[in-house]
Amino acid sequence: MPIASWSDIRNRALAFSKDWSDASKEKQQASPFLIDFLEVFGRNRKRTFKFEHNVKKYGGKQGYVDLFLPGELLIEMKSRGESLKRAFDQAVDYFEGIADADLPAYVLVCDFATFSLTNIQTAETITFPIADLHKHIKLFAFLAGYKTQTIKPQDPINIKAAEKMGKLHDQLKAIGYEGHQLEVYLVRLLFCLFAEDTSIFEKRIFQDYIENRTNPDGTDLAYHLVAIFQTLNTPEIKRLKNIEDDLAAFPYVNGKLFEETLPIASFDRAMRQALLDACALDWSAISPAIFGSLFQSIMDSAARRNLGAHYTSEENILKLIKPLFLDALWAEFEQIGNNKKKLATFHDKLGELKFLDPACGCGNFLVIAYRELRQLEFAVLQKLHAGVSLVEIETLLRVNVDQFCGIEIEEFPAQIAQVALWLTDHQMNQQVSEAFGQYFARIPLTKSANIIHGNALRIHWETTFPDVNYILGNPPFVGAKYMDDLQRADARAVFSGIDNAGLLDLVTAWHVKATRYMQLFPRTHSAFVSTNSITQGEQVGALWGWMLAQGIKIHFAHRTFSWTNEARGKAAVHCVIIGFGLGDVPEKTIFVYENIKGEAHAVKAANINPYLVDAPDTIVISRMSPLSAAPAIANGSIPADGGNLILEPGERDQLLTIEPQVALWLRPYLGGEGFLNGNMRYCLWLVDCPPQILRTMPSVLARVEGVRNMRRASAKVATQVKANTPTLFTENRQPTSGRYLALPRTSSENRRYIPIGYLDHHIVAANDLQFIPNASPYHFGIVSSALHMAWMRITSGRLESRYRYSVKCTYNTFPWPSPDDKQRAAIETAAQGVIDARAAHPDATLADLYDPLTMPPDLVKAHQKLDRAVDAAYGVKSFANEAERVAFLFRRYQELVAPLAEEMEKKTKKSRKRVQKPLEKE
């Protein structure tokens, strides 16, 4: 019987209540009563019912369930007036003898006058008179085939499902069924499991077929699965006339999902049980948005150990699609109100939108985008057809999966993406069906998403997917230095004509491709998730310098946040989201994270520049020397010694015990970590050590020989050359007198200020400790200020989320002030105040002092005073927030570089004239 409309079910319920109003006897009337009850909801296939089902009760006694629908419903009848509580307790006692896979989701008890339905999972019970059944029919939606529910991406059932499929995958692979055939086989099983729990198939039709028609040892299961797959691929009118009823019950699916002929697999008892265990899950609760990624991870045993670590959470996907298109569409819908004509036009518009994810993986971005578009369409339908009795839902729907396109380099995820969109489509159709009381399923499948298995960086998007509205997704994160040869070749092909493209991460190739696409189709808007490195340091100039020149404007942006998911073994990457297009938009939004693992707050912006701040589209160009009148900064020295010249404190003490004369040639040695945490190491500093003295220290000589051997074995020619001077660091940049100002290259993002301090020249600075020789208190004050820190946070790179201070992009580009004598003196006094506040805590490390939770109040006040003094040197009384500071610094930077740009342009013109003059003479 086809799934009935709610109006038909309501009419049957009224008739049922009337027909059985006088019934009272359990033994004589229970079975016909229950048959009629189930027929109210269209359940008349008696092969799925089990009357007087024999089970072992709690305590070991035998009992008989009045009616049992495995996995769905257990009904216990009592004569009129008997205790319903006793009936429920009796029903629960039967659970002991029911297999886990068959435990019911609901228990219904009845005394012919009253129904009492309990949801086992929520323990919620609803009791009502039989005469009111027509008022409560939607409680039994699961019986009628209208099974909708809120899908929770973080629901553990998603991971359980992937684990069940993973077990089956391993068993098939172990017998040699692998590769493409195994992937397609598992996708088909996935569809069948989902289909029988969501009314695409009849309830339990797949599970019951396996349980009832295949041998317990699994030897004939593969042949039966072939029969099922062939049936699903054959229209009813083309099937054999004598096909068995159990097979004939499977619908025609189409969509090419079951078209390919696969080799016959082989199952045993354990494999058959693994498939039945998978059937036992409620697949209607699976989220297609994330299950695809989980399902993909089962194909790799290493990935499965961290199952779910790499799928993209729904929350993060919404961060992209809402500002890209969804928020604007909902705003348009709300503005239309109840104007039927405008609603109809808007509905048509929704059905014409096209989406492309050119790195779609298992389709999670496309799935969420499709689901949200269908939710909006559902809202439109509710306004357009409120109170109307619908006959053909299909004629009213405009949005379909063929509006969604994708490119995926791996075959299996591409197949999963296709199926995930079909599954999502069915879930949304169920929502429409329940709301309008007419069941609807798009079976057989006539439309599908356009998912291409191929290399997105080699495919011509503009000819394959012309004139899409939105390009979106989460392209692969591979740093410029970590690309393999194929990725490097792909990137070079995309980056042709872009200066300094060798600096760019792989993800930027998608930005470039999208930009070139939008030049052909200007109405298209794009948004990608990216590593935050593309908005920091030298990559900004290489990527955004080119993109801005093409007319690109940033429309919205999420500044750095932690990209996490909901699964075990969470993976976190520090990302940005950037939405962009050709030309400007009236409203721009920056999503700012005070805590990268927390929630964002939206800030309206006049302009969003490549550093994702509200400031002009200025690119900070890296420099080899300071832009302003400031002392040069250098990196510390490089030992390249294989660990032979560097000593831990214990090694130093041991060496001094053996060879006391080495004391003259040992120096304190500090890197960035040691500087922050007070962990001093030592180094052999043999710059001026006479050879005759060196020969008296055999332990030191052994270390020097170790340096020479290490350098000789190096793959770098320059290092091999340095083997000739094994007593020296390969790079000696150490100041020879006075004090220097030390600045660690890497520092925690939690600190408001990077800890900076003075060290004596006798302390050797490692390469990750940058320094300014002979720096004055004024210089200390400027680089320690909130203004300099704000510039650093924008222009420096990141190591994970930690600040990675850049000499060329931050220090050398920083627009220093031009203070008068009074302002300079105020900065120096305030700088000394910071140093004095630190000295008041002699036992605290810099890490202790600058931890935001433990920073002493006197040091906080000293820094605030310094910040005010530095702000005043720029002619500013105060800034409301860091965004104002950054915007101010960009304007200041523009003022400083504008004359340099003009001078460079003049030199270029003169150079061109000199080149042209000889040509004119000729």
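Buried residues, those under 20% relative accessible area with a 1.4 Å probe and protein chains only, make up 53% of the 922 residues in the protein. The model is a predicted one, in which local features need pLDDT of at least 70 and side-chain atom pairs count only at pLDDT 80 or more, whereas totals for chains, interfaces and linings use all residues. Residues are numbered from 1 along each chain as its sequence is written, and side-chain values use heavy atoms, with hydrogens and water left out.

The protein contains 32 helices and 25 strands; these are DSSP runs numbered from the N terminus, helices being H or I with at least four residues and strands E with at least two. Its accessible surface comes to about 40800 Å², and 50% of this belongs to carbon and sulfur atoms; the areas come from the Shrake-Rupley method with a 1.4 Å probe, and for residues only the protein chains shown count as cover. Contact means heavy atoms within 4.5 Å. Of the contacts between residues at least 6 apart in sequence, 72% join residues at least 24 apart.

The first region to consider is a pair of helices. Two packed helices are described by the angle between their axes and the distance between the axes. The axes of helix H1 (residues 6-19) and helix H2 (residues 26-40) come within 8 Å and cross at roughly 160°. H1 is therefore roughly antiparallel to H2, a term for angles over 145 degrees, while angles under 35 count as roughly parallel, 65 to 115 as roughly perpendicular and the rest as oblique. Axes here are lines fitted to C-alpha atoms, for helices over the stretch in contact, with angles running from 0 to 180 degrees between N-to-C directions. H1 contributes Ile-9, Arg-12, Ala-13 and Phe-16 to the contact, and H2 contributes Phe-33, Asp-36, Phe-37, Glu-39 and Val-40.

Backbone geometry draws attention to two loop residues. Most residues other than glycine have a negative phi. Phe-112, in the loop between strand S4 (106-110) and strand S5 (114-119), has a positive phi of about 75° although it is not a glycine. Asn-500, in the loop between helix H18 (485-494) and helix H19 (508-520), likewise has a positive phi, near 60°. Phe-112 is buried, with a relative accessible area of 1%, whereas Asn-500 is exposed at 57%, exposed meaning over 50% and partly exposed lying between the two limits.

Strand S17 (residues 666-670) and S22 run parallel and are joined by two bridges, and Leu-670 stands opposite Ala-765 in S22.

Leu-666 also lies in S17 and counts as buried at 10% relative accessibility. Beyond residues up to four places away in sequence, Leu-666 touches Leu-647, Arg-652, Leu-656, Cys-683, Leu-684 and His-762.

Finally, Ser-622 is placed in the loop between strand S15 (600-605) and strand S16 (646-647). Ser-622 is partly exposed, with a relative accessible area of 28%. Leaving aside neighbours within four places in sequence, Ser-622 is in contact with Glu-538, Lys-808, Cys-809 and Thr-813. A separation of 7.4 Å lies between the C-alpha atoms of Ser-622 and Asn-812, which are 190 residues apart along the chain.

Methods: Pairing = 2+ DSSP bridges.
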